Amino acid sequence: MCGRFAITLPPDAMAQLFGAAPANDLPQVPNYNVCPTDDVFAVTSAEGTRRLSAMRWGFVPHWYKAPSDGPLLINARAETLAEKPAFRAACRARRCLIPASGFYEWTKDADGRRLPWYITRADGAPLAFAGIWQVWEGGGDALTTCAIVTVPAAGAMTRIHHRMPATLAEADWPLWLGEAGKGAARLLRDAPGMAVSARRVGRAVNSNRAQGADLIAPLEDGAE
């Protein structure tokens, strides 16, 4: 799964990277501890134009009477994406890219303590998570929400967790965004192939209130 991540790239750099026109209400960066229900950056495409905009992380199905009316859907499993009532329409018509610098995952030690890891692309380049989005209007005011698609873990991730975000290479962005015809489902089968690098970081990030660049600093031997 993916329950926390970091985004440090400035909005203008993200807009240039994705060839997207930026909105005016983008989240503040850097954010080293992006949590569920936070606003995140998302890239969408319509009529040949890409947009970089803000979306609430936590997909709200249209039948919810309130955003908290059911489970917080921050992730969507690739294997069942096209079948789940909450996600199947979005996976066909409302796909997005969610930029990240890296994401966190946890293991446990012999005493049951949660030990955080920070995972990045092996080459250090920004990540582009496959996402889906939805506009929820149940409360009168429109709320644009999203979820990160996850796939079975591969490579270095298998030692840490059995799931990971579906991360797409730049060549695959047009297909996922619907700019290059049909067949986006195959990208989810290929997504785990991207090489990642994982390092242990301090347990400060276990708190969803923690902030600062120290959260992604490698943990020194013997430190905690």
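Biologist: Which strand does Arg-121 lie in?
Modeller: Arg-121 is in strand 9, residues 114-121. Strands (E, at least two residues) and helices (H or I, at least four) are DSSP runs, numbered from the N terminus.

Biologist: And what am I looking at, in terms of model and numbering?
Modeller: This is a predicted model, in which local features need pLDDT of at least 70 and side-chain atom pairs count only at pLDDT 80 or more, while totals for chains, interfaces and linings use all residues. Residues are numbered from 1 along each chain as its sequence is written, and side-chain values use heavy atoms, with hydrogens and water left out.

Biologist: Fine. Is Arg-121 buried or exposed?
Modeller: Arg-121 counts as buried because its relative accessibility is 17%. Buried means under 20% relative accessible area, exposed means over 50%, and partly exposed is in between (1.4 Å probe, protein chains only).

Biologist: Which side chain does Arg-121 have a polar contact with?
Modeller: With Asp-123, at 2.5 Å between the two side chains. A polar contact is a pair of N or O atoms within 3.5 Å; within protein, one must be able to donate a hydrogen and the other to accept it, and residues adjacent in sequence count only if both atoms are side-chain atoms.

Biologist: What else does Arg-121 touch?
Modeller: Leaving out residues up to four places away in sequence, Arg-121 touches Pro-126, Leu-127, Met-194, Ala-195, Val-196 and Ser-197. Contact here means heavy atoms within 4.5 Å.

Biologist: Salt bridges next. How many does the structure hold?
Modeller: There are 4. A salt bridge is a side-chain nitrogen of Lys or Arg within 4 Å of a carboxyl oxygen of Asp or Glu.

Biologist: What does Glu-179 pair with?
Modeller: Arg-50, with the closest N and O atoms 2.8 Å apart. This pair links distant parts of the chain: Glu-179 is in the loop between helix 3 (173-176) and helix 4 (185-190), Arg-50 is in strand 5 (residues 49-57), and the two are 129 residues apart. Arg-50 is buried at a relative accessible area of 15%, whereas Glu-179 is partly exposed at 35%.

Biologist: And Arg-163, what does its side chain meet?
Modeller: Glu-79, in a salt bridge of 2.7 Å, N to O. Glu-79 lies in the loop between strand 6 (75-77) and helix 2 (88-93) and Arg-163 in strand 12 (residues 163-165), so the pair ties together parts 84 residues apart in sequence. Arg-163 is buried at 4% relative accessible area; Glu-79 is partly exposed at 40%.

Biologist: Switching to the core. Which residues touch the most other members of the largest one?
Modeller: Phe-5, Ile-132 and Trp-176, out of 61 residues in that core. Its largest share, 7 residues, comes from strand 10 (residues 127-136). A nonpolar core is a set of buried Ala, Val, Leu, Ile, Met, Phe, Trp, Tyr and Cys residues joined through side-chain atoms within 4.5 Å.

Biologist: What does Val-149 touch?
Modeller: Its contacts, not counting residues up to four places away in sequence, include Ile-132, Trp-176, Met-164 and Leu-188. Val-149 is in strand 11 (residues 143-152) and counts as buried because its relative accessibility is 0%.

Biologist: Last one: how do strand 4 and strand 5 run?
Modeller: Antiparallel, with 8 bridges joining strand 4 (residues 39-46) to strand 5. Two strands pair if DSSP finds at least two bridges between them. They form a hairpin with 2 residues between them, and Glu-47 in the turn has a positive phi of about 55°.
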